[in-house]
Amino acid sequence: MPCAALVWKNDTASASSRPRSLPNSRVAARVGISLSHWGAFEAEVADGRLVSARPWRNGGADADMIGALPAFVHSPLRIDRPHVRESFLRRRERAGGEGRGREAMVPVEWDTVLDLCSSELDRVRQMHGPASILGGSYGWSSAGRLHHARSQVRRFLAAAGGYTDQIGNYSWGAAHAILPHVLGNADAVSSTATDWRTIADETDVLVAFGGLNPKNWHVTSGGAGHHHMPRHLEAAAARGVKFVIVSPIDEDTPPGLDAMRIAPRPNTDTALMLALARRAVVDGRADQAFLARYVTGHEAFSAYLAGETDGIDKTFEWAAAIAGIDVADLEALWSLIRRGRVMLTAAWSLQRADHGEQPFWALIALAAMLGQIGLPGGGFCFGYGSMNGVGAPARRGYVPAMEGLTNPAASAIPVACVIDALMKPGEQIDFNGRRITFPDVRLVYWAGGNPFHHAQDLFLLEQAWRRPETIIVHESWWTPTARRADIVLPATTTLERNDIGGSSRDPFVFAMPRLIDPVGGARDDFAIFGELAERLGCGAAFGEGLDEFGWLRRLWAKTERHGAGEGVAVPDFDSFWADGVFAVPEPDLPEVMLDAFRHDPLVNKLATPSGRIELHSTRIEHFGYRDCPPHPAWIAPREWLGDAGEDELHLITNQPRKRLHSQLFQTQPDGAVEPISIHPADAARFGIGEGDLVRVENRRGACQACARLTDGLQQGVVVMATGAWFRPDDEIPGLERNGNPNVVTANRRTSSLGQACAALSTLVRVRPMAALAGDDDSGRR
Ligand SMILES: Nc1nc2c(c(=O)[nH]1)N[C@H]1C(S)=C(S)[C@@H](COP(=O)(O)OP(=O)(O)OC[C@H]3O[C@@H](n4cnc5c(=O)[nH]c(N)nc54)[C@H](O)[C@@H]3O)O[C@H]1N2
Ligand SMILES: Nc1nc2c(c(=O)[nH]1)N[C@H]1C(S)=C(S)[C@@H](COP(=O)(O)OP(=O)(O)OC[C@H]3O[C@@H](n4cnc5c(=O)[nH]c(N)nc54)[C@H](O)[C@@H]3O)O[C@H]1N2
Ligand SMILES: [Mo]
């Protein structure tokens, strides 16, 4: 059965040469500048509608993603009015959750719905306590810092008496937990990265575990004016930096880059890193002076590498067998990195897997052996291939964040534990040395996220989602999450409100003026929460008496203060707003991660117990977790190719090329199904042809996908991007139609330490869809 895969007009960003005009602080500017997470753009507005959008000023943003904005903003899937689920409107919390996603949604007036929301919040807080309101509301929301929906909902729920929050994130949850034990904080994923200019100047070899996939450089959290990662890479390549790309798929090598490729089985990078570290010791290449001065625990770690604790010497032969590569690949890699200036990097994807703490810790251990941590262009760094702006020169602190409030309920769950929290109230779990007790969730409040995209095992989430008494969602579109709410409040998009936007990984701060009127009856999240706060008697705590521009001025004042502290001239708010953009001057010196520590490890000691880089952590040892030992270690994933059935394939679910997760899916043609990349030999084994509609399945569920045959990936591996909207089949239970791979990923976390998303450890079977009828039924619920 053939299928329509998703198509896009441009494969590369085309820059705009149109003149830029000043944004207007009110409606109806002809051309205005604004910002999305996928880049700054020029918006052309006519008759109150956004008619076209182009990347701003040769900024390198993806022209397809920017060009899709009019279809996005004016999509027929925009929610035009508040809606309430039919039986919930009649019976409130007694309606039960079974009808979510199935029943009709009834349009209601704003006043009615706001009364309903405030009385539900009040009821649940009075009867069950604030912790029974789950309001962590994970999700990217949109660019613009005042109207950032997730910040708004958490601020509101804190003002209204408290809620259960979510700790960490999906992007680098495991790193967020492990890095403070090793380096004293998580800056190496959240903010710090060695400047690309020092790589161009100093590096001899850059080894990228997980590759440097240019698709990920379309996006910056908060949005960016510059997308110059390809240029940084070109500069490095031009100077002769040798690149090594370690990834199961070709697409992780930027086009035109003459790189050495190693294609390991997914989730086996830790074994490669450990074997290289072992070889450093054996060859006498381990930098003993560095280890003695800056590192603790390398003796215990080296003993493990030698097999003194587990009887296994971590040789190249050992690692190559685990990773399914030739020993010669490791020899070649070792001969490249044993001398010269070496930068080791890992994509964030590596830690979004079973025991995802280990590859990041092992990378630091290998870099410590080579002794170049803290030197320009050397050592290690995370995420060069993960997001635009990692390692780009930019000053921090100029983009003001919306202020949060302390959560009086002091309740929180790890971000990826939503299903378990909903299904197992009162249960305790380990989490990074603590015990967390799941609250008794009665009300879920989500604004700015799409859990029916981002969570794993979505058919299980559907079951868990039936349990709460009340679910309130703010959305702009009828996403799968909005469809599964009891109360849906339509939110404006960034173009319909005034804001300030930008990212600490980019040298611009943007004014984001309101360019069109709210579409339909949509309201700003901020305005909705303001109304609810008034009804709940916490209006002053939430809004502090400020309106939209009052808040924008207050936020900008922070930027001005920050500039004053650094001797950078920042315009006053009115000039900034009239100019539309503030270009933050480049930092004087390129950033080099951990250079101060290297310079003086006593004065600038790390915030670890030893003040040094910890390759053995006594703190983690005391936790006693079987799934997170006290030093970097190889632990086989629960699902991987080393222990797979004859017909099982490893599914990588990476970030989509031309979407931001599930955002922009609504602009893609109706009936289009997400592609799955599969090796021709695997396709032949299962009778799959190019363009065939296939079923991707395991015991958790199945989704459709459109087969794309390519020998650009390792046999046994298949790749699907995330973000297709969850659309279960009406008749066949356990089958999803649009190609959302999170129906087959597992509801499992990295370890007791991180309790983080481990989506990238998934085995599946892939079959032609036509074979469905005669196939066995074991995959379906
Ligand atoms: N299998 C698998 N799953 C993954 C991943 C993976 O690698 N593999 N990656 C994970 C990662 S790293 C992430 S970050 C998550 C992303 O997960 P999410 O952040 O939940 O994904 P988005 O699609 O960006 O969802 C944002 C939602 O907010 C809505 N929104 C945007 N602006 C506004 C606004 O102003 N107001 C309101 N009320 N709503 C708004 C959008 O319409 C959209 O529905 O996914 C995770 N899931
Ligand atoms: N276009 C676009 N860009 C994005 C996003 C988006 O939605 N769209 N989302 C942004 C967000 S929220 C985040 S957190 C970052 C995420 O950044 P990453 O986590 O780095 O991105 P991914 O695309 O999930 O993975 C990068 C590559 O890692 C490879 N890989 C997967 N598993 C393994 C493995 O076990 N070993 C090795 N060696 N390689 C492996 C895959 O081939 C994949 O292409 O991306 C950001 N960038
Ligand atoms: Mo992410």
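**View 1. A salt bridge joins arginine 708 and glutamate 251.** In this predicted model, the closest N and O atoms of arginine 708 and glutamate 251 are 3.7 Å apart; a salt bridge here is a side-chain nitrogen of Lys or Arg within 4 Å of a carboxyl oxygen of Asp or Glu. Across the interface of domain 2 and domain 3, the rule finds one salt bridge. Residues are numbered from 1 along each chain as its sequence is written, chains are lettered from A and ligands numbered from 1 in the order in which they are written. Local features need pLDDT of at least 70 and side-chain atom pairs count only at pLDDT 80 or more, while totals for chains, interfaces and linings use all residues, and side-chain values use heavy atoms, with hydrogens and water left out.

**View 2. Domain 2 meets domain 3.** The domain assignment, whose bounds come from an automatic or database source, gives domain 2 as 173-392 + 610-623 and domain 3 as 641-771. The centres of these two domains, taken over C-alpha atoms, are separated by 28 Å. In contact, meaning heavy atoms within 4.5 Å, are 30 residues of domain 2 and 27 residues of domain 3. Between them about 2100 Å² is buried, with carbon and sulfur atoms giving 58% of this area; buried area is the accessible area (1.4 Å probe) that two parts lose on being put together, summed over both. On the side of domain 2, Lys215, Pro266 and Arg352 lose the most area to domain 3, together 28% of what that side buries.

**View 3. Polar contacts link domain 2 and domain 3.** The count is 14 residue pairs in polar contact, both residues at pLDDT 80 or more; a polar contact is a pair of N or O atoms within 3.5 Å, where within protein one must be able to donate a hydrogen and the other to accept it, and residues adjacent in sequence count only if both atoms are side-chain atoms. Helix H6 (173-183) gives the most to the side of domain 2 that touches domain 3, with five residues; helices (H or I, at least four residues) and strands (E, at least two) are DSSP runs, numbered from the N terminus.

**View 4. Residues surround ligand 1.** There are 34 residues near this ligand, and the closest are His454, Glu475, Asp525, Ser662 and Asn742; a residue is near if one of its heavy atoms lies within 4 Å. A polar side-chain atom of arginine 497 lies 2.9 Å from an oxygen atom of ligand 1, and an N or O atom in the side chain of histidine 661 is 2.9 Å from an oxygen atom of the ligand.

**View 5. Residues surround ligand 2.** Among the 30 residues around ligand 2, the closest are Lys215, Asp252, Asn267, Asp269 and Arg352. An oxygen atom of ligand 2 is 2.7 Å from an N or O atom in the side chain of serine 386, while a nitrogen atom of the ligand is 2.8 Å from a polar backbone atom of proline 656.
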